Amino acid sequence: MTAMDPGPKRARRWHIAVFLAPAVLVYTAIMIFPLFATLFQSLFTRVEGQQVFVGLRNFTTLFGDPRWSASFWNALWNNTWFFIVHMLVQNPIGILLAAILSNPRLRFRGFYRTAIFIPTILSFVIVGFVWKLILSPLWGIAPSMLDMVGLRFLFGPWLGQETTALTTLALISVWQFVGIPMMLIYAALLSIPDEVIEAAECDGITGWSQFWKIQLPLVLPTIGIISILTFVGNFNAFDLVYVSQGAQAGPNYGTDLLGTFLYRTFFGFQLQLGDPNMGATIASVMFFIILIGVSIYLFLIQTRLRRYQF
Amino acid sequence: MTYPTKTQLMSASAALVLGLAAAPLMAQDVTLTIESWRNDDLSIWQNTLIPAFEAANPGIRVVFAPSAPTEYNAALNAKLEAGSAGDLITCRPFDASLALYNDGYLASLADLEGMGNFSDVAKSAWNTDDGANPFCVPMASVIHGFIYNKDAFAELGLEVPATEDEFFAVLDAIKEDGSYIPMAMGTVDQWEAATMGYQNIGPNFWKGEEGRLALIRGEQTLTDEGWVEPYRVLARWGEYLGDGFQAQTYPDSQNLFTLGRAAIYPAGSWEIALFEEQADFAMGAFPPPVRNAGDTCYISDHNDIAIGMNAATPNADAARTFLNWVASSEFASLYANALPGFFALSNEPVEMENALAQDFVSWREDCESTIRSTYAILSRGTPNLENETWNASANVINGTETPEDAAARLQSGLESWYTPAN
């Protein structure tokens with residue numbers, strides 16, 4: 001049947017629209033609409049109780065005013081460092097753990113897998129509180145454990161020092177979420193057919209060189225997905241800092257992420273009244289940062305990744 | 001087992017519907033709901049205050065509905081905007097409540113009879129700038145000072161310090177002895193450093209109301225001696241605060257003191273009830289030490305809590321009855337004794353049983369009272385002076401910023417949006 005052929009009239013397939021409707025409506029109501037409402041709100045400001053359209057002035061304030069821009073760049077850099085720590089620590093450890101777990105000779109594999117994954121399902125509130133207690137210079141077990149091995153001098157009030165607080169929080173977050181890359185890589189490693197591995201062994205490639213030359217290239221697309229998940233998660237991070245350092249993200253804004261900066265601005269804090277319009281401006285900038293990051297990944301990296309069909 | 005017939009079900013549900021519809025008609029009581037951040041006080045309201053009010057005012061029922069302190073302002077604003085807030089609103093002092101009044105959410109109480117029981121200073125925290133429209137009934141103030149472990153002082157043979165030199169001599173003696181941490185305070189929560197540190201000792205340097213009002217009028221700046229010197233004193237505190245104070249939280253500090261491990265606690269009087277409950281040693285209090293013996297002492301006697309009426313309440317008459325009762329000496333006495341450390345603001349003197357609370361309130365006789373310098377007018381803009389003071393005080397005690405730099409930063413932040421009126 002060609003396009004020119006009128007043919008019998010085809011029934012409109014209403015059921016497609018009907019089946020899509022619930023998801024589309026719910027997604028529109030709770031995702032698309034708020035997103036555009038936020039972008040829209042960032043173009044207004046409040047003057048004597050009225051919302052007044054000001055174009056991009058909120059954005060010029062955010063980037064042009066010395067105080068606003070200092071807070072913004074501080075938060076953005078902190079956020080970037082938070083992301084770097086995750087990429088350098090969480091994901092390599094996740095891959096390593098997955099490689100070890102996929103070794104069929106390892107005993108108690110199920111136990112390790114579960115134990116490492118469990119922190120992921122804990123609430124931020126619990127994780128933040130537990131680690132605050134562990135690292136407390138007064139009642140924490142960290143100083144006494146270091147004392148037992150004679151390394152007490154290494155201990156410091158890590159969450160209270162500007163130089164160490166952010167890295168400490170990033171590592172706590174790594175501890176919590178290392179199970180996610182581990183599980184994804186583990187699943188990817190298990191899906192590599194035995195024939196491929198056997199063929200490699202016939203060619204004399206075993207052990208670590210087998211991992212580097214055969215398994216790692218095959219799980220590279222999964223590592224890409226993990227990187228983008230880490231990126232989106234980190235640039236939306238807020239909970240851990242809020243729970244352990246408060247909305248002021250101390251010491252001296254040393255742990256201020258874009259999320260806490262947004263929270264303080266949008267809702268206000270202590271005597272600072274909330275400014276929903278500047279808050280929406282920051283939220284919009286966060287959205288664009290994540291959008292750009294994801295786009296770079298989708299168009300520049302993912303298209304170049306080689307996929308293997310078994 | 002027998003199942004009910006359709007008719008039975010129908011009649012049962014009809015009865016249920018009718019019953020529900022009839023319920024409001026039968027109850028003629030008016031129910032007032034109080035919005036508050038004082039969730040610690042829930043049992044005091046439910047067991048002491050509300051029963052006393054309801055006994056005297058049959059027909060009015062009161063529900064105390066608090067939320068978490070850190071969420072209160074945001075939650076209240078959202079509820080007021082949505083029209084779902086309670087009839088009575090517990091008021092934060094100064095600008096947060098003033099903003100609510102200006103937006104029309106709080107009713108003016110200028111014509112409430114009970115307001116006559118309060119002085120202008122007591123009302124100042126909940127009044128329009130021209131003083132014409134008070135909008136919340138003042139409930140209590142809190143006083144800053146130092147609470148000390150009397151047993152520890154006796155053991156080490158220490159006297160209560162009256163001057164700054166004596167204060168540091170006491171701290172040195174405790175440090176040298178080594179069995180107690182000299183002072184329990186941490187900087188990680190920041191507000192401790194600002195509230196129990198800077199606002200506690202500061203009034204002696206900027207001379208209370210004199211300096212505070214001069215700052216508002218633009219006759220002084222935060223880089224003047226009176227405002228920088230307290231930071232220099234705070235900078236000396238660091239070495240007496242015990243190991244790892246940079247990561248010590250507010251509850252950590254409270255526990256250090258009540259467990260008897262620290263000798264001095266820079267305090268607000270609101271701690272009294274908790275400390276009396278938890279500490280098993282004798283406690284005393286002394287006001288912030290003055291620089292030279294015989295100097296006039298100034299204390300921070302900060303208006304902290306009040307209660308106002310939601311302008312949109314349908315039960316305005318009952319709410320006004322309640323507010324008049326809050327303004328009465330009966331309420332003042334019940335409240336001050338149920339919550340030692342929250343001092344009544346009404347003109348009539350209130351008898352208090354708690355000795356520590358009496359210590360605090362006795363300073364009002366010898367010292368000049370002032371409120372926290374950053375609360376009125378100066379925290380209306382961005383960057384917010386109060387919040388920046390938290391940050392600066394913590395930095396100074398941590399030793400990561402010099403007192404002069406901190407003061408200069410605060411002043412330039414304030415100047416960026418604040419122009420004195422005259």
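Is the crossing of α11(B) and α18(B) left-handed or right-handed? Please describe the contact between the two helices as well.

Reply: The model is a predicted one, and in it the crossing of α11(B) and α18(B) is right-handed. Helix α11 spans residues 225-237 of chain B and helix α18 spans residues 403-415 of chain B; the two pack at an angle of about 140°, with 9 Å between their axes. Because angles over 145 degrees would count as roughly antiparallel and those of 65 to 115 as roughly perpendicular, α11(B) is oblique to α18(B). On the side of α11(B), the contact is made by B:W227, B:V228, B:Y231, B:R232 and B:A235, and these meet B:P403, B:E404, B:A406 and B:A407 of α18(B). Sorted by class, the residues of this contact comprise seven nonpolar and two charged, with no polar ones.

Among the contacts in chain B with a separation of 6 or more, 77% are between residues 24 or more positions apart.

Chain B also meets a partner, with 31 of its residues in contact with 25 residues of chain A. Helices α3 (69-82), α4 (95-102), α12 (250-258) and α17 (385-398) of chain B each supply at least two residues of the side that touches chain A, and the largest share, seven residues, comes from α17(B). That side of chain B has 10 nonpolar, 15 polar and six charged residues.

Technical notes:
Residues are numbered from 1 along each chain as its sequence is written. Chains are lettered from A and ligands numbered from 1 in the order in which they are written. This is a predicted model: local features need pLDDT of at least 70, side-chain atom pairs count only at pLDDT 80 or more; totals for chains, interfaces and linings use all residues. Two residues are in contact if their C-beta atoms, placed from the backbone, lie within 7 Å. Helices (H or I, at least four residues) and strands (E, at least two) are DSSP runs, numbered from the N terminus. Ala, Val, Leu, Ile, Met, Phe, Trp, Tyr, Cys and Pro count as nonpolar, Asp, Glu, Lys and Arg as charged, and the others, Gly among them, as polar. Axes are lines fitted to C-alpha atoms, for helices over the stretch in contact, and angles run from 0 to 180 degrees between N-to-C directions. Angles under 35 degrees count as roughly parallel, over 145 as roughly antiparallel, 65 to 115 as roughly perpendicular and the rest as oblique. A crossing is left-handed if the near helix is turned anticlockwise from the far one by less than a right angle, and right-handed if clockwise.
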